[in-house]
Amino acid sequence: MGLPLEQDNDGTEKDLNVVTKEKLTQRSFKSNVLDYVMEKVFLVFGFIAVFVLFLILFFLVREGSGALREVGIVEYLTGIRWYPSSPQEAGYGALPFIMSSVMVTLGALIIAIPWGIFTAIFIAEIAPRRVREILKPAVEILAIFPSVILGFIALVILSPIIAHLFNLSNGLTALTASLILSVMALPTIISIAEDSLKSVPKDYREAAYALGASRWETIKMITAPAAKSGIMAGVMLGFGRAVGETMTVLMAAGNAIDMPLREFFGIVVPDFLTSVRTLTANIAIEGSDVSWGSLHYSSLFVLALILFVITFIVNMVADYLINKQRRKLGNE
Amino acid sequence: MNKKKMRTEKIWFSIMGFFAAMTVVALGLLLFSIIREGASVLSWSFITEAPRRNMTEGGIWPALVGTFYVSSLTVMISVPVGIGAAIYLNEYASQGPIVRLIRLSIRNLAGVPSIVYGLFGLGIFASFLQIGVGLITAAITLAIMVLPWVITASEEALKAVPTSFREGGLALGATKWQTIRQLVLPSAIPGMMTGSILGLARAAGETAPIILTGAAYYSRNLPTELTDSFMALPYHLYILATQHAQASAVRPIAYGTALVLIILVILLNLTAIIIRNRFRRRNEAL
């Protein structure tokens, strides 16, 4: 479609600019309408994500509100008796689940944080290209490992080892779950920390080398500190991934409902060698055969709401950290 | 560099190398144990036969088909929506509060635990809308779950299309939509396919959401209706490993299922990576 240069209806020749403008607006009236419509259509698609997120939140609150009214949020957050279907003395204390989730997740992070950060530094700063070409796909394959397979391996291989090592009759413990969860959180921490290290400008490193710093000194004093916010974001997202993980903990942690604590010389400490049931595992176990609309059903939505709030906060903090890093490296 | 500095550096680099090596070792151990135990079970009849004798014999055919059904449906729902959202974000939206809100929602959706999606799906589709549990409920639930990944991957594909394509289209007097449809989308499609396949792989490996929304412990027939419950590989593995009365007797079958599942997921990802690389090379050539 070339530019129109033609005679008007009355035969007079018009200024090229005017003709062009008129022709363009004439020709594209229909396409302009379509253009406008399509923009709005895509806007709707864009808003679906927002809509779904609010729908989830709305639905968790809606379905959980019955239980929240009847039982009260305080009972859920502090009670330790969970007998949601007992006709005589029903109990709705979710503290054992919350404690178990937090404990198993922190246990996983204690392993995954040094493991992940060191691996990320190694990949981003140290490894020669050929080694990196082995490490990066390995991390990617770990990231796509279906969680049910990791749970299965924890169940059939890891738990007998744990049972043997600690002389337990049953190896399905919080420790077993933490170990396998650390493998799950690892790819998240590595990939985000690595991205963050890569985003540190080359000048930083070159300036350090120019001042006579060794490669290790440069990493320790320049690169890693500059990437700190991003690395922390990776850790937060790793936490979110681990706290929300279901299949591995469901298969590896044993699922007994109890406070995972024991007394140790008069001090109460978390007991990693006991069977635990996390928030996610409890929803999976009880959700499939609970009767819809019951107080028990509603209680499960309260548990989901607690999980939703935890992961929401974790995401916001990670978001803030990533933006902070971007601002910092962008401005300097 | 003095000797002490060199020694310190050497020690630290070794420590980090050790941790990096552990990552590969962990993966190696996982793959090795599954392949060693699973390979002996794997056969043509294992893949094409239905389970027999309370799942202690026979194969995994219905679970394989169920996984194929539910993940295909998931992709059919999530990909159009995901591509649409990506087009808005990359082509139309200008930075502002609306876009920030959308992006924030996408990132938060990616962080919502899978079991929460499962309970949400059960609550809204099965119980509130009275669809019941089955293929379609599970597929919509999974589709919502993979949506953030599909959007992100589609956006990457759109970003890789050179700006000159758009400028060229607009300079010729085409409207924005004409430019997108005829110039931008055709070159972004391979990248979008990558995102779709990755979504497919994720849906195929997920267990937690389908436990609550339609996976069956054992079903004699393949699903024929959208509301039928279905067998799926990951759920089958979970059942064999933890819920079966003779858990140790069916262990070989469980290993075989795990092996088929991991091969399936790795193959899908590999396909996606190959398409992505070919696409990237083509765009770099432009």
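1. **Basis.** This is a predicted model, in which local features need pLDDT of at least 70 and side-chain atom pairs count only at pLDDT 80 or more, while totals for chains, interfaces and linings use all residues. Residues are numbered from 1 along each chain as its sequence is written, chains are lettered from A and ligands numbered from 1 in the order in which they are written, and side-chain values use heavy atoms, with hydrogens and water left out.

2. **Fold of chain B.** Chain B has 11 helices and two strands (DSSP runs numbered from the N terminus: helices are H or I with at least four residues, strands E with at least two). The order along the sequence is α-α-β-β-α-α-α-α-α-α-α-α-α. The C-alpha trace spans about 70 × 70 × 35 Å along its principal axes. Of the 286 residues in chain B, 55% are buried (under 20% relative accessible area; exposed is over 50%, partly exposed in between; 1.4 Å probe, protein chains only). Among contacts in chain B with a separation of 6 or more, 73% join residues 24 or more positions apart (contact: heavy atoms within 4.5 Å).

3. Residues 109-129 are 86% helix, with ends 22 Å apart by C-alpha. Residues 135-152 are 100% helix, with ends 26 Å apart by C-alpha.

4. **Interface.** Chains A and B bury about 7,100 Å² between them, 81% of it on carbon and sulfur atoms (accessible area, 1.4 Å probe, lost when two parts are put together, summed over both). On the chain A side, Phe42(A), Phe152(A) and Trp216(A) lose the most area, together 10% of what that side buries. The contact takes 79 residues from chain A and 81 residues from chain B.

5. Two salt bridges cross it (a side-chain nitrogen of Lys or Arg within 4 Å of a carboxyl oxygen of Asp or Glu). Glu217(A) pairs with Lys5(B) in a salt bridge, with closest N and O atoms 3.2 Å apart. Helix α2 (residues 29-71) of chain A gives the largest share of the chain A side, 21 residues.

6. **Salt bridges within chain B.** The whole structure holds 12 salt bridges over all chains. Glu91(B) and Arg166(B) form one at 2.7 Å between the closest N and O atoms. This pair links helix α3 (residues 61-92) to helix α7 (residues 163-171) of chain B, 75 residues apart. Both Glu91(B) and Arg166(B) are buried. Arg103(B) and Glu155(B) form another, at 3.1 Å. Arg103(B) lies in helix α4 and Glu155(B) in helix α6 of chain B, so the pair ties together parts 52 residues apart in sequence. Arg103(B) is partly exposed at 24%, whereas Glu155(B) is buried at 6%.

7. **Ser299(A).** This residue sits in helix α13 (residues 295-331) of chain A. Ser299(A) counts as buried, at 0% relative accessibility. Its side chain reaches the backbone oxygen of Leu295(A) at 2.8 Å. Leaving aside residues up to four places away in sequence, Ser299(A) touches Ala67(A), Tyr76(A), Trp82(A) and Tyr92(A).

How values were computed: A polar contact is a pair of N or O atoms within 3.5 Å; within protein, one must be able to donate a hydrogen and the other to accept it, and residues adjacent in sequence count only if both atoms are side-chain atoms.
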